[in-house]
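Keep the structure open as you read.

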Amino acid sequence: MLLSSITSLPEIDLVMEQSMLAFLEYKKTNPKERAAFLERIALEIETLSEELIRTTQAETNLPEARLLGERGRTTMQLRMFAAMLLEGSWVEASVDHAILERVPAKPDIRKMLVPIGPVVVFGASNFPYAYSTAGGDTASALAAGNTVVVKAHPAHLKTSQLIASAIEKAIAFCNMPTYTFQHVTESSFEIGKALVQQSNTSAVGFTGSFSGGRALFDYAAVRPRPIPVFSEMGSTNPVLLLPNALELNAETIASQYAGSITLGVGQFCTNPGLLIGIKSASLDRFKSTLATAINQIPAAKMLHQGILSAYQKNRSIALSTKGVNSLTNDIASNKIDATPIIAMVSGADFLANENLKEEVFGPYALLIECTNIEEVKQVWKSVSGQLTTSLMGTDKDFELHPELIEMASSIAGRVLLNGVPTGVDVCASMVHGGPYPASTDSRFTAVGINAVKRWVRPVCYQNCPDHLLPDALKESNPLQIKRMVDGNPYQ
Ligand code: NAP
């Protein structure tokens, strides 16, 4: 049974105790059983069909095409983790046989990854499917063998309830422990804090604002037993516009970026919020094309009133900062729709005003005009701690400045060349994370198969009799998975 309405803190204790009891059973399920469960969740979500899309459209203002795409991504992620379970090597099993003749004798040691315990997932407002109730955090945590408690995002509660009901059906169909998944719909910081601090909670996944992600991290740090919090927070995703690339392609790059800045009304954590270039005739061509393109993009509805109000407030703060001008028609957003805008500032004024480094979540970017490449690098380094950074450059640009790629890797988790950061491919090589404050743990990704690594911990068994070992570590390798044996990979 899902708990769908939590109104008091003692109920949070109950939810997390149930989650822990279910975890003790669920973690014993084998990879095939868990794969079938994830597949079934995907199927149940598809079965929700039109009702789901219509409900989410009404709650989020997102268009049908976007929602269909996001639903496809969500079910694909569930199936990707199911395939990962069947393949098996994600547990990183390794076997080091005993060497009895060594002095002192070397013991038999075997290691694998095991689930961490009940995971609390905070749904994201800007991804009602792919980063909410049955999104990437939930799918990867369940795949690893953890139970999950989702704190629904209040901006799409009915959507979240529909998806929760799909998971509930999959639990029943696959005979999983009843409390493998639970759904908390109450909206208050107190409830969120209690979920993070309840003693049975073992890890937390979050996507949203910097203030929210940091608050959850701090709640976890002061627990008697601190736990990991994987918060994916704001990012301004700086873009370098290098001189030769602009000289050759200013107009094309400007059109590409006009599309990226306004995609989904700018409501992506990978939205390119800072464009950094050097004052020149080609940068003027870029500005002119970008301004024309942005001025033609109509105002559009944001996800919810709170996000629109925050956008209006933050863009006003940016535009009233010393040295900041508007490159586009400065039409303030009205009570319903957000107008896109490009602001402009010199490198010196940017460096002098800390507030300009803050994310303005919405269809906004700040163009920073520097006097030379040294100032570009100074501006770029001052905003390190990003999900992405993009470099628009030619071979000539990189011959002149080979240090830029190395610098980029210290600034962001994903380094893009000659592209736009919006659009995050789901694959094994994707990194969606980055140095703080983009995320609270830069060693992990929230997208792709490696997202599962957030919800596991390594355990090694020393001198354990074969029949007592988990299947992944037994000498005969009954799961037939790739393992590291005596230092040799894939045996
Ligand atoms: P949010 O304010 O960070 O809230 C997300 C979730 O975290 C909500 O469930 C909220 O609880 C909870 N939460 C936030 N602060 C908390 C605290 N101090 N203690 C306990 N729980 C807390 O995100 P949002 O509602 O989606 O949007 C607000 C702003 O976040 C946006 O305007 C935008 O600036 C930013 N944002 C950024 C990204 C990104 O990817 N970079 C994505 C979405 C939003 P309640 O349910 O109780 O409210």
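Predicted model: local features only at pLDDT ≥ 70, side-chain atom pairs only at ≥ 80, totals over all residues.

## The five-stranded sheet

Now turn to another sheet. This one is open, has five strands in the order β5-β4-β3-β6-β7, and its pairing is parallel. The edge strands, each pairing on one side only, are β5 (181-184) and β7 (229-232). From one strand to the next, the twist averages 15°.

Strand β4 (residues 148-151) pairs with β5 in the parallel sense over four bridges, and Val150 stands opposite His183 in β5. Helix α6 (residues 189-197) packs on this sheet, where it touches β3 (119-122), β4, β5 and β6 (203-207). The direction of α6 makes about 155° with that of β3.

How many of the residues of β6 are buried? Five of the five are, so β6 is largely enclosed by the rest of the structure. Both of its faces are covered: Ala203, Gly205 and Thr207 are buried on one side, and Val204 and Phe206 on the other. Within the sheet, β6 pairs with β3 in the parallel sense over four bridges, with Val121 standing opposite Gly205 in β6. Four bridges also join β6 to β7, and these two strands run parallel. There, Val204 stands opposite Val229 in β7.

## A helix pair

Two packed helices are described by the angle between their axes and the distance between the axes. Helix α2 (residues 31-60) and helix α4 (residues 136-144) pack at an angle of about 155°, and their axes are 9 Å apart. Angles over 145 degrees count as roughly antiparallel, and α2 and α4 are therefore roughly antiparallel to each other. Their crossing is right-handed.

On the α2 side, the contact is made by Arg34, Phe37, Leu38 and Ile41. On the α4 side, Ala139, Leu142, Ala143 and Ala144 take part. The residues of this contact divide into seven nonpolar, no polar and one charged.

Is α4 enclosed or open to the outside? Nine of the nine residues of α4 are buried, so this helix is largely enclosed by the rest of the structure. The buried residues include Gly136, Asp137, Thr138 and Ser140, as well as Ala139, Leu142, Ala143 and Ala144, which are also named in the contact with α2. After α4 comes Gly145, whose phi is positive, near 105°.

Most residues other than glycine have a negative phi, and most peptide bonds are trans. The table gathers some places that depart from this pattern.

| Site | Backbone feature | Value |
|---|---|---|
| Val103 and Pro104 | cis peptide bond | omega about -5° |
| Tyr436 and Pro437 | cis peptide bond | omega about 10° |
| Val265 | positive phi, not a glycine | phi about 55° |
| Asn418 | positive phi, not a glycine | phi about 50° |

Where do these sites lie? Pro104 is found in the loop between β1 (94-96) and β2 (109-115). Pro437 lies in the loop between β16 (412-417) and β17 (456-462), and Asn418 has its place in the loop between β16 and β17 too. Val265 is in the loop between α8 (243-262) and β9 (274-278).

As for accessibility, Val265 counts as buried because its relative accessibility is 15%, and the cut-off for buried is under 20%. Asn418 is partly exposed, with a relative accessible area of 42%.

Note on methods
Residues numbered from 1 in each chain as written. Heavy atoms only, no water. Axes fitted to C-alpha atoms, helices over the stretch in contact; angles between N-to-C directions. Parallel < 35°, antiparallel > 145°, perpendicular 65-115°, else oblique. Left-handed = near helix turned anticlockwise from the far one by under 90°. Contact = heavy atoms within 4.5 Å. Nonpolar A, V, L, I, M, F, W, Y, C, P; charged D, E, K, R; others polar. Pairing = 2+ DSSP bridges. Buried < 20%, exposed > 50% of the residue type's maximum accessible area, 1.4 Å probe, protein only.
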